[in-house]
Amino acid sequence: MNNIHFDENNTNYFKLDFADERVDGADKVTGKAKYTAEYNLPNMAYAVFVTSTIAKGTIKNIDTAKAMASPGVLDVIYYANCPSVPGYIKNEWRGHKVLYDNQVKFFGQPIALIVADSLENANAAIRLVRAEYESQAFETNFDLARKDASKLKGTVVYKRGTENKFKEAPVFIEAEYTIPAEVHLPMEMHATIAFWEGEDKVTLYDKTQGPKSTQSTVARTFGLSDKNVRVIAENVGGGFGSGLRSWANVPAAVMASKKLNRPVKLVLTRPQMFTLVGYRPQSWQKIGIGADASGRFVGITHEAISGTSRYEDFREGIVNVSKFLYASDNVDTKYSMLPLDMSTPVWMRGPGEATGSYGLESAIDELSYKLKMDPIALRLKNFTTVNPENKLPFSDINLKDCYAYGKDKIGWKNRPTVPGSLKENGWLIGYGMANGVFGAGKGAATVRALLNQDGKLTLECAVSDMGPGTTTSMTKIAATAMQMPIEKVKFKLGDSDLPPGPSQGGSGTTSTVGSAVDLACSTLKQNLKDLAIKYAPAFASLKSDALEVKNEMVLAVADPTIKIAIVDLLQLSPDKKIDMTIASSGKTAEQLKFTSNSFSSHYVKVAVHPKDGTIKILQVVTTGDAGKIISPKTARSQMIGGVVGGIGMALTEQLEMDHQSGQIINASFGAYKVPLHSQIPPTDVWFVDKPDVNMNSIGAKGIGEIALIGFAAAVTNAVYNATGKRVRDLPITPAKLGFKAKV
Ligand code: MOS
């Protein structure tokens with residue numbers, strides 16, 4: 001097998017050829033690449049939100065007079081003077097209707113928009129706006145509210161076999177797992193610049209993971225046709241899901257630009273990134289899992305509740321992973337939402353599965369100790385190549401290879417079978433592992449391929465690249481398919497005017513857009529062969545299947561001396577170039593005979609200090625089973641990003657609410673803890689790197705989600721192995737391990 005491996009010292013990293021550099025890397029690190037908030041347009045005005053200081057209630061009055069009189073202020077838009085938004089009235093806008101009425105639904109909700117001639121003047125006027133409220137009782141306490149079943153909504157149940165069958169197993173565990181709300185916090189703030197180019201035509205620079213989806217949202221919200229809305233997101237500085245829908249900044253900037261008849265820039269502040277662009281909802285899970293003496297699962301019962309807002313439903317697929325990753329005849333699940341007086345959550349890296357896998361992979365670990373069985377052996381015992389939920393075979397599954405590699409590389413043989421029994425240098429040492437899984441989709445996408453007179457190839461698709469390296473991997477797919485130098489290929493994305501592509505989400509971009517690029521290139525090669533037969537005399541008597549395209553030439557397979565350079569061939573053709581637009585579809589009937597997933601398996605070695613409970617992650621091995629790896633370097637970066645996110649989830653991240661006021665109290669990078677660089681250990685990244693030929697023509701599946709999914713459980717399991725203390729409430733802290741807080 002042709003695996004890809006990056007060892008912890010990165011020695012392989014330097015062996016990669018230059019062609020694997022990010023094609024946009026130089027532009028990004030030199031500042032040449034522009035992000036939404038960096039554009040400046042002539043006569044542009046600057047907008048800032050004034051936000052509510054209550055969690056729920058009615059605004060009795062907003063006094064805007066002082067703000068309006070403040071230097072440079074052009075307008076203060078609020079419910080009393082908010083322009084009519086057709087989509088608000090027709091409920092075409094899904095989210096909170098910003099500036100629309102006098103209702104407050106969550107603390108920090110925008111209640112007014114100040115527009116001024118400079119950002120400084122806009123900011124200076126914020127404190128001059130005075131709002132009077134009539135507060136109402138509110139509820140932000142998830143832990144308390146979830147215990148009242150009457151407050152839950154949208155309950156969905158699933159059952160195969162017998163409910164609660166696990167209780168009949170000779171060995172079973174039942175436990176509850178909880179995760180606080182977590183925030184995406186991409187480097188780049190959400191931002192919108194809107195300008196109307198006519199009465200019914202608007203252009204936006206917007207931080208979005210989906211230029212096409214934002215285009216259609218704006219069109220529906222403002223009663224415009226899609227073609228009259230252009231959304232540009234050429235570079236996106238991270239997203240993790242927060243950019244998968246439009247938030248208050250979008251309609252606010254669009255309406256202000258229309259009202260003032262000039263471009264308006266609205267950039268959220270870092271604190272507003274905690275309240276206005278979604279979050280991973282807080283969750284509670286209960287898992288029961290039982291096995292026979294050999295370790296075979298008898299039944300799995302998985303219940304979950306996650307938070308949503310009062311004004312919108314946001315569902316998480318928390319329990320789904322329990323239905324299909326392992327063989328079990330008896331599985332029952334139940335999921336409900338709990339509405340709270342908070343803003344609406346949204347998908348965040350590994351949405352649903354990241355939460356559910358923490359529960360399931362912890363529970364399996366707990367069961368392994370009760371069975372006195374190795375946790376990898378227990379997973380192997382319940383390994384299945386057929387998805388037990390839909391009964392379809394997995395298009396490919398190589399978790400066994402991941403186990404073999406991970407076990408060896410982390411030093412699993414040193415793992416103590418009795419928790420808390422191994423010490424190194426005075427620290428308690430533990431080893432843990434856990435799996436991740438996420439659906440591997442393939443959707444429709446359209447790609448324009450333009451092969452120019454000079455032999456350079458430009459491909460275009462409206463998809464975005466929020467950072468994983470889509471521009472690089474698409475360029476590589478095209479260069480590989482055409483067998484031409486990567487420097488001569490350019491992939492343009494991030495503009496809704498380009499041919500339609502998907503939003504970048506759900507780990508689907510490489511599969512979906514990559515398949516379309518591959519199809520465009522094979523069509524292009526066919527066109528070149530046809531042109532050669534038609535216009536190049538040396539090929540006149542040949543059939544197209546006797547020709548091949550490589551090294552910027554068309555050649556006869558049987559006699560490579562019969563050849564013509566593509567640039568020369570184009571000169572012979574009437575159009576002198578090839579310009580075509582190719583649409584690829586979702587999965588074919590053949591591909592739909594399988595169920596497709598990407599898999600990961602994470603290995604962690606931790607040290608816990610026996611005196612104060614300090615947790616250090618000493619070593620990480622992370623393995624991915626995601627088909628062919630298109631761009632090893634960016635793929636490695638994705639996996640490391642998942643490890644960092646997973647360490648944050650396991651040890652540091654927690655959105656904290658003050659339930660007296662309903663306010664988030666750690667809405668800053670100073671107070672909301674993401675892992676420090678020093679907390680990230682040497683990370684060994686390994687990929688199976690085997691094309692999943694049943695999945696799509698390129699054999700590649702996504703890795704964005706599986707990089708994170710399961711990781712927090714690997715850490716929890718390692719901490720248990722080190723200490724004998726099972727933490728079922730993230731993040732793991734010394735206090736939860738029974739140590740007094742440090743002073
Ligand atoms: Mo991801 S949560 O699909 O951006």
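Which residues does Met 695 touch, not counting residues up to four places away in sequence? I looked and found Ser 395, Ala 440, Gly 441, Lys 442, Ser 511, Lys 587, Gln 591, Ser 596, Ala 700 and Lys 701, where contact means heavy atoms within 4.5 Å.

Notes on the source: this is a predicted model, with local features needing pLDDT of at least 70, side-chain atom pairs counting only at pLDDT 80 or more, and totals for chains, interfaces and linings using all residues. Residues are numbered from 1 along each chain as its sequence is written, and side-chain values use heavy atoms, leaving out hydrogens and water.

Back to Met 695: I placed it in the loop between strand E30 (683-687) and helix H16 (711-723); helices (H or I, at least four residues) and strands (E, at least two) are DSSP runs, numbered from the N terminus. Met 695 has 0% relative accessibility, so it counts as buried (under 20% relative accessible area, 1.4 Å probe, protein chains only).

Next I checked a helix pair. H12 (residues 470-482) and H13 (residues 509-535) pack at about 30°, axes 9 Å apart; axes are lines fitted to C-alpha atoms, for helices over the stretch in contact, and angles run from 0 to 180 degrees between N-to-C directions. That makes H12 and H13 roughly parallel (under 35 degrees).

Last, the sheet. I traced seven strands in an open, mixed sheet, ordered E4-E6-E2-E13-E10-E11-E12; two strands pair if DSSP finds at least two bridges between them. E10 (residues 191-198) and E13 (residues 264-267) pair antiparallel over four bridges, and Thr 192 has Leu 266 in E13 as its bridge partner.

Conventions:
Parallel < 35°, antiparallel > 145°, perpendicular 65-115°, else oblique. Buried < 20%, exposed > 50% of the residue type's maximum accessible area, 1.4 Å probe, protein only.
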